[in-house]
Amino acid sequence: MRFALSTEQLDFAGELRKILDAGQVPAAVRAWAEGDAAKGRALLRQVADMGVFGLIVDEKYDGADATLVDLVVALIELGRGAAPGPVIESAAVIPALLQRLPDSAPAQRWLSALAGGDALATISFAPQRGIALDADIAEPVLVAADGRLTLGRLLGAAEGSTDAVPAPTAAEVVTSIDPARRLFRVTGDELIGEGREVEAAIEYAFDIGVVACAAQLLGAGRSILEQTTGYAKQRKQFGRAIGEFQAVKQQLADVRIALDLAEPLLYRAALTVESDDRARDVSAAMVACGDAAHRAARAGLQVHGAIGYTAEFDLSLWLTKVAALRTAWGTADFHRGRIAAALRAAEPALAPS
């Protein structure tokens, strides 16, 4: 069996890449990091007009009712472009979560706005310890923990308030290695649902987030490789382009191999997300994509030298994004533990001697 993306999926990725390339993403990312979301929101509006935020949303909520593979294709491109904002949460996690809840009211309340790009949403799961991305501009802000889903608010906001989010205090802001990841402490306020079905929906949505994060890591890794390869062809030492040196060639070849080997694991995770192998496959994709993107970042920094990590140089936007995303949806140890647990559970019982 040979798995390959369809012509439509490849064309969709190409059109999305054109939008991101023309959208002056580095300027939007830097403005987002400074608290000015206007450029980023304009960019994400173009992405939404392409239908990205409604890909896995049912048609009755104005979505495309597409597959997770289609969404992965889009998220790889968004990672390649280093798009700012709660893209994983708005396009993948919360649509998956709301549509799995036993009560359809939350989906009816928020999904159409998310699918159309009129709103961005964010969520904090138990492993994220009450920290949510871009909670100051998101609607809704959700908190999922202990089998309960609640509508969240920034710490410091009036309890029960659903008005505009107040200006965050220093205590509510959590610093990220990626300046464009604006993190805030949130707490649950209004109960949306609880019980075993809600808990199952939360677990499913978390794994969707892991797949989405892995896709963005793969895209970011590919972008770093492209930028580094281009730089190696131009930068000269001893009268030769540094890309002609075997040591540089070998590093970049190792990065390409790692990224190419991670890609099928990512698509397998997207295809098996409804199966009993979900936890194993999504964690395997996260580990592989995270390690490959990290390898790309290290090689990119080494080839570029000190200029690579300066804030004024665009490569730094991808380097910090990779560093932050590698642990944003669970550490490598966490995911390797899930893989090991799944493999142990699948071992046949030993016959009695």
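This briefing describes helix contacts, backbone geometry and selected residues of one protein model.

The model is predicted; local features need a pLDDT of at least 70, side-chain atom pairs count only at pLDDT 80 or more, and totals for chains, interfaces and linings use all residues. Residues are numbered from 1 along each chain as its sequence is written, and side-chain values use heavy atoms, with hydrogens and water left out. Helices (H or I, at least four residues) and strands (E, at least two) are DSSP runs, numbered from the N terminus.

**Confidence**

- The protein has an average pLDDT (the predictor's confidence in each residue, from 0 to 100) of 91, and 93% of the residues score at least 70.
- Residues 160-165 have a pLDDT below 50, and this stretch makes 6 contacts in the model beyond near neighbours in sequence; contact means heavy atoms within 4.5 Å.

**Helix 1 and helix 4**

- Helix 1 (residues 7-22) and helix 4 (residues 68-80) have axes that come within 9 Å and cross at roughly 30°. Axes are lines fitted to C-alpha atoms, for helices over the stretch in contact, and angles run from 0 to 180 degrees between N-to-C directions.
- Helix 1 is therefore roughly parallel to helix 4; angles under 35 degrees count as roughly parallel, over 145 as roughly antiparallel, 65 to 115 as roughly perpendicular and the rest as oblique.
- The crossing of helix 1 with helix 4 is right-handed. A crossing is left-handed if the near helix is turned anticlockwise from the far one by less than a right angle, and right-handed if clockwise.
- Helix 1 contributes Gln-9, Phe-12, Ala-13, Leu-16, Arg-17 and Leu-20 to the contact, while helix 4 contributes Val-69, Asp-70, Val-73, Ala-74, Glu-77, Leu-78 and Arg-80.
- By class, the contact of helix 1 with helix 4 comprises 8 nonpolar, 1 polar and 4 charged residues. Ala, Val, Leu, Ile, Met, Phe, Trp, Tyr, Cys and Pro count as nonpolar, Asp, Glu, Lys and Arg as charged, and the others, Gly among them, as polar.

**Helix 7 and helix 8**

- The axes of helix 7 (residues 196-234) and helix 8 (residues 246-271) come within 10 Å and cross at roughly 160°.
- Helix 7 is therefore roughly antiparallel to helix 8, and their crossing is left-handed.
- Residues of helix 7 in this contact include Leu-218 and Leu-225, and those of helix 8 include Leu-252 and Leu-259.
- The contact of helix 7 with helix 8 has 13 nonpolar, 3 polar and 4 charged residues.

**Backbone geometry in loops**

- Most residues other than glycine have a negative phi, and most peptide bonds are trans.
- Asp-62, although not a glycine, has a positive phi of about 70°; Asp-62 lies in the loop between helix 3 (38-49) and helix 4.
- Asp-62 is exposed, at 58% relative accessible area. Buried means under 20% relative accessible area, exposed over 50%, and partly exposed in between (1.4 Å probe, protein chains only).
- Asp-65 is not a glycine either and has a positive phi of about 55°; Asp-65 lies in the loop between helix 3 and helix 4 and is partly exposed, at 45% relative accessibility.
- The peptide bond from Glu-139 to Pro-140 is cis, with omega near 10°, and Pro-140 is in the loop between strand 2 (131-133) and strand 3 (141-145).

**Two residues of helix 6**

- Trp-110 is in helix 6 and is buried, at 6% relative accessibility.
- Apart from neighbours within four places in sequence, Trp-110 contacts Leu-98, Glu-139, Pro-140, Leu-142, Leu-151 and Ile-192.
- Gln-108 lies in helix 6 (residues 105-115) and is exposed, with a relative accessible area of 53%.
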